[in-house]
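Please examine the sequence and the three-dimensional structure shown below.

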Amino acid sequence: MSEGFVTISQKLNSKGTERYWRKFVFPNNESKKVAILILQEPKYMDNRIEPALISAVNFVSNNHKQVYVFNLLPVKKEKLKIENIDYLKEVMRSNVSEIKSVVDNNYSSNNSVDLIYGARVAKRFKNVNKNNELSEILLDTIKLLEKNKKIELKAFFDKDNCLAYTSYGKAVYSVKGYKTDALNSLLEQ
C-alpha cells in the first residue's frame, strides 16, 4: 500500500442500515487522482475490512490520493428477492446518487475520476435484475458521466486477461479500460 498514514471514513444511510461507501486517503501520495471501486464485500456492513477489499485498495493506492469503495448493491443478501424489487431499485438509485456526488466533488478538467469495476455478479443479483431494472440505473449514470468526461471506466483483470472479481479469490494483475457495453453484458439477466 502507498506509504504514509491511511485514514478511513464511511458514509451510511440515515437509518444506519446501509453503507454507501468507505473512503481511504493516502496523504503522502503526490497523485491528485481519485478512484471509485465497485466491489462486492463478502460480509456486508461488517466493520472489519475484508482481505479482498484491502487487496483492491492496495492495488490502486500508489496511483490515487483517495479511494472510495462502493458495493454493487449495498444490501444484505437476504434482501435480494424479487418481491423486494421496488426497495432494491430505491437502494440502487441512492447508491448511484452517491457515486455521482463523489465524482462531481472530485473530478476536474485535468483529472477525471477512475471508476473501477471489480464485483462478481452473483446469481442472486441476476435473479432480481429482471428486465435489467437494477443494472440500467447504474449503467445510465455511468454513460452520462463518461459522456461528460467526468469518469474513465476501468476494470480489474487477472493474469489471464479475464475480469478479476476481487471478492472471488482472483488475484488482480492489472487495471485497464472497460466498455459500458461489456459491463452491460456482465450485469444483464
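This is a predicted model: local features need pLDDT of at least 70, side-chain atom pairs count only at pLDDT 80 or more; totals for chains, interfaces and linings use all residues.

Residues are numbered from 1 along each chain as its sequence is written, and side-chain values use heavy atoms, with hydrogens and water left out. The largest nonpolar core has 42 residues, and helix α2 (residues 85-106) gives the most to this core, with 8 residues. Helices (H or I, at least four residues) and strands (E, at least two) are DSSP runs numbered from the N terminus.

**Nonpolar cores**

- A nonpolar core is a set of buried Ala, Val, Leu, Ile, Met, Phe, Trp, Tyr and Cys residues joined through side-chain atoms within 4.5 Å; buried means under 20% relative accessible area, exposed over 50%, and partly exposed in between, with a 1.4 Å probe and protein chains only.
- In the largest core, the residues with the most contacts inside it are Ile36, Leu73, Tyr117, Leu138, Leu183 and Leu187.
- A second, separate core has 15 residues, among them Leu39, Ala56, Val69 and Ile116.
- In soluble globular proteins, nonpolar side chains tend to be buried together.
- Leu183 is in contact (heavy atoms within 4.5 Å) with Tyr117, Leu139, Ile142, Leu153 and Tyr178, leaving aside its neighbours within four places in sequence.
- Leu73 is placed in the loop between β4 (66-71) and α2, and a relative accessible area of 10% makes Leu73 buried.
- Not counting residues up to four places away in sequence, Leu73 touches Leu80, Leu88, Val91, Met92, Phe125 and Leu134.
- The C-alpha atoms of Leu73 and Tyr87 are separated by 11 Å, the two residues being 14 residues apart along the chain.

- Two packed helices are described by the angle between their axes and the distance between the axes.
- Axes are lines fitted to C-alpha atoms, for helices over the stretch in contact, and angles run from 0 to 180 degrees between N-to-C directions.
- The angle between α2 and α4 is about 15°, and their axes are 9 Å apart.
- α2 is therefore roughly parallel to α4, given that angles under 35 degrees count as roughly parallel, over 145 as roughly antiparallel, 65 to 115 as roughly perpendicular and the rest as oblique.
- α2 and α4 have a right-handed crossing; a crossing is right-handed if the near helix is turned clockwise from the far one by less than a right angle, and left-handed if anticlockwise.
- On the α2 side the contact includes Ile85, Leu88, Met92, Val96 and Val103, while on the α4 side it includes Leu134, Ile137, Leu138 and Leu145.
- The contact of α2 with α4 divides into 10 nonpolar, 1 polar and 4 charged residues; Ala, Val, Leu, Ile, Met, Phe, Trp, Tyr, Cys and Pro count as nonpolar, Asp, Glu, Lys and Arg as charged, and the others, Gly among them, as polar.
- Lys89 lies in helix α2 and is buried, with a relative accessible area of 16%.
- Lys89 is in contact with Glu133, Leu134 and Ile137, leaving aside its neighbours within four places in sequence.

**Packing of α4 with α5**

- α4 and helix α5 (residues 180-187) pack at an angle of about 175°, and their axes are 11 Å apart.
- The two helices α4 and α5 are therefore roughly antiparallel to each other.
- Ser135, Leu138, Leu139, Ile142, Lys143 and Glu146 of α4 make this contact with Thr180, Leu183, Asn184 and Leu187 of α5.
- By class, the contact of α4 with α5 has 5 nonpolar, 3 polar and 2 charged residues.

**Loop residues with positive phi**

- Asn132, in the loop between α3 (123-128) and α4 (133-147), has a phi near 55°, a positive value in a residue other than glycine.
- At 17% relative accessibility, Asn132 counts as buried.
- Lys149, in the loop between α4 and β6 (151-157), has a phi near 60°, which is likewise positive in a residue other than glycine.
- Lys149 is exposed, with a relative accessible area of 65%.

**A buried strand residue**

- Ser174 belongs to strand β7 (residues 174-177) and is buried at a relative accessible area of 18%.
- Ser174 touches Phe59, Ala155, Phe156 and Phe157, not counting residues up to four places away in sequence.
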